[in-house]
Amino acid sequence: MEWFEEDNPNLSSKFGENDELGNLNYINSTKILNSFKLIKKGKVYNLSHVIFNGMADRLTHGPYFFDILLRVYDNDYYKTYKNKYGASLGRIEMCDHTGTHLDSLNHMAHNNKFFNNIDAYENTTNLGSKKLGMEKTIPIITKGIMVDVAGMHKKDKLEPGYAITKEETEDFLNSHGIKLEQGDAIFFYTGLSKLFQNPKEYDKYYDSSPGIGYELAKFLAGKDISVSGSDTPSSEVTPPELKNTRLPVHQYLIAKSGIRLIDNIKLDELSRDKIYEFAFICSPLLIKGATASPVSPLAIV
């Protein structure tokens, strides 16, 4: 039976009834040390986009806004101090899903249940979630993999609505001698990374985008990965392949499988340099009760 057709699907964690980490439980000291063995050159790739006023974003997220509140110049405030120190500071207003961001396990529910069968209504308050919030996310240090789907198809970017498949993912991994292992982080390059700094172009992909297909999501969950995502607004293909659903890949990976997603991850430089395996580091802002956090992930080779 298709998972979405079940009346009461089981969202329990294999790590126990009190688990809030999900598949990040697979990232242990051995996993971390093994990931560092992939570092040969000491070259670092920043996998985050620059965020800025007027950037692309969903209407449901609201606009990102940054404003300088204190400027460096002589005024009565600075004249109070003999050394006339000059400081400036700003204020940021944004959704926790702004730019390159990591979803936490309270982001997506299925049939009013979050991961580990936590009741979504009871868990959610105006000031954040009681459980599964971003503060429960540990620093992610593991082996990272980038599947260059656009490169496989010899395209600058994949067309809207293209669902990345299990078969082409396996073909890519096999052709490059990469083994997908428990606790790995795996990301998919569609070519949209290069459009992010052009809001008019990137905005076109919020409702119709290439991305992770549903069968691929089930394959990834079966491999016990810790994190996935793509260089697209939702990581998964939109519109969804399954009729009468909304973000089914998010639901399968996050709510059912305890796997976090990074949306809008920047992969074009990895594609350019043909970097497909690397040490991956990502540490979110520990915002209590938050459903996501902007992140600046690193790939190190």
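Phe196, Tyr202 and Tyr206 are linked by ring pairs into a cluster. The model is predicted, and six aromatic pairs are found in it. In one of them, the ring centres of phenylalanine 15 and tyrosine 26 are 5.2 Å apart and the planes stand at 70°, so the pair is edge-to-face. Both residues lie in the segment before α1 (29–36), and the pair therefore ties together parts that are eleven residues apart in sequence. Phenylalanine 15 is partly exposed, with a relative accessible area of 32%, whereas tyrosine 26 is buried at 14%. Tyrosine 202 and tyrosine 206 also form an edge-to-face pair, with 5.9 Å from centre to centre and 85° between the planes. Tyrosine 202 is buried, its relative accessible area being 0%; tyrosine 206 is likewise buried, with a value of 6%.

Helix α7 spans residues 214–222, and its buried residues are Tyr214, Leu216, Ala217, Phe219, Leu220 and Ala221. The elements that cover these buried residues include the helices α5 (166–175) and α8 (248–256), together with β10 (163–164), β11 (185–189), β12 (211–212) and β13 (227–230). The axes of α5 and α7 come within 8 Å and cross at roughly 50°, which makes α5 oblique to α7. Lys166, Thr169 and Glu170 of α5 make this contact with Glu215, Leu216 and Phe219 of α7. By class, the contact comprises three charged, two nonpolar and one polar residue. Leu216 and Phe219, which take part in the contact with α5, are among the buried residues of α7. The helix is followed by aspartate 224, which has a positive phi near 60°.

Key
Residues numbered from 1 in each chain as written. Predicted model: local features only at pLDDT ≥ 70, side-chain atom pairs only at ≥ 80, totals over all residues. Heavy atoms only, no water. Buried < 20%, exposed > 50% of the residue type's maximum accessible area, 1.4 Å probe, protein only. Helix = DSSP H or I, 4+ residues; strand = E, 2+ residues; numbered from the N terminus. Contact = heavy atoms within 4.5 Å. Axes fitted to C-alpha atoms, helices over the stretch in contact; angles between N-to-C directions. Parallel < 35°, antiparallel > 145°, perpendicular 65-115°, else oblique. Nonpolar A, V, L, I, M, F, W, Y, C, P; charged D, E, K, R; others polar. Phe/Tyr/Trp six-rings, centres within 6.5 Å; stacked < 30°, edge-to-face > 60°.
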